[in-house]
Amino acid sequence: MKERLIITLALAFVLLPTFSNAATVATACPNLTRNLTFGSRGNDVVQLQNFFIAQNHLATGNATSYYGRLTETAVKSFQRKNNIVSSGTPATTGYGAVGPRTRAKLAT
């Protein structure tokens, strides 16, 4: 019984930092200072992609620093879920682009 308790506590000690870091990543929003659209590249795109990966809008392994179709689809999902915009195009309504309204929601 004592050995089982020691093993359980040891596992909790080892795994607890993993779970607390996951919670921190999942709630951390990128501080974006520019609009992002299809074709954008950079560290801010990686931050956005990591945020979407943590929020399950984008699959793990897709933090590429390139704003392609997968990132655009993740942005659209986030925009719909947060009642920002749900139709149109990046040029007409901002749907699929990270503009002022989407950046503002990411910051909250």
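Is phenylalanine 78 buried or exposed? I looked this up before anything else. Phenylalanine 78 is buried, at 6% relative accessibility. Buried means under 20% relative accessible area, exposed means over 50%, and partly exposed falls in between, with a 1.4 Å probe and protein chains only.

**Ground rules**

I note that this is a predicted model, where local features need pLDDT of at least 70, side-chain atom pairs count only at pLDDT 80 or more, and totals for chains, interfaces and linings use all residues. Residues are numbered from 1 along each chain as its sequence is written, and side-chain values use heavy atoms, with hydrogens and water left out.

**Overall layout**

I found four helices and zero strands in the chain. Helices (H or I, at least four residues) and strands (E, at least two) are DSSP runs, numbered from the N terminus. The order from the N terminus is α-α-α-α. Of the 108 residues in the chain, 31% are buried. I then took contacts, meaning heavy atoms within 4.5 Å. Among those between residues at least 6 apart in sequence, 37% join residues at least 24 apart.

**Aromatic rings**

I used a pairing rule for the rings of Phe, Tyr and Trp (its six-membered ring): centres lie within 6.5 Å, planes under 30 degrees apart are stacked, over 60 edge-to-face, and the rest tilted. The rule gives four aromatic pairs. In one of them, phenylalanine 51 and phenylalanine 52 have ring centres 5.7 Å apart and planes at 50 degrees, so this pair is tilted. Both phenylalanine 51 and phenylalanine 52 are buried. Another pair is phenylalanine 52 with phenylalanine 78, tilted because the planes are at 55 degrees, with centres 5.6 Å apart. Phenylalanine 52 is in helix α2 (residues 43-54) and phenylalanine 78 in helix α3 (residues 69-81), so the pair ties together parts 26 residues apart in sequence. I read a relative accessible area of 0% for phenylalanine 52. Phe51, Phe52 and Phe78 form one aromatic cluster.

I also checked for a charge over a ring (NZ of Lys or CZ of Arg within 6 Å of the ring centre and within 35 degrees of the ring normal). The charged end of arginine 69 sits over the ring of phenylalanine 38, 4.0 Å from the ring centre.

**Where α2 meets α3**

How do the two helices pack, and at what angle? I got about 60 degrees, with the axes 11 Å apart. Axes are lines fitted to C-alpha atoms, for helices over the stretch in contact, and angles run from 0 to 180 degrees between N-to-C directions. Leu48, Gln49, Phe51 and Phe52 in α2 meet Thr71, Ala74, Val75 and Phe78 in α3.

Leucine 48 is buried, at 0% relative accessibility. Leaving aside neighbours within four places in sequence, leucine 48 has contacts that include Pro30, Leu36, Tyr67 and Val98. Leucine 48 and alanine 74 are 26 residues apart in sequence, and 9.8 Å apart in space, C-alpha to C-alpha.

**Two loop asparagines**

Asparagine 56 is in the loop between α2 and α3. Phi there is positive, about 65 degrees, although asparagine 56 is not a glycine. Asparagine 56 is exposed, at 70% relative accessible area.

Asparagine 83 is in the loop between α3 and α4 (100-106). I read a positive phi near 55 degrees for asparagine 83, again in a residue other than glycine. Asparagine 83 is exposed, at 72%.
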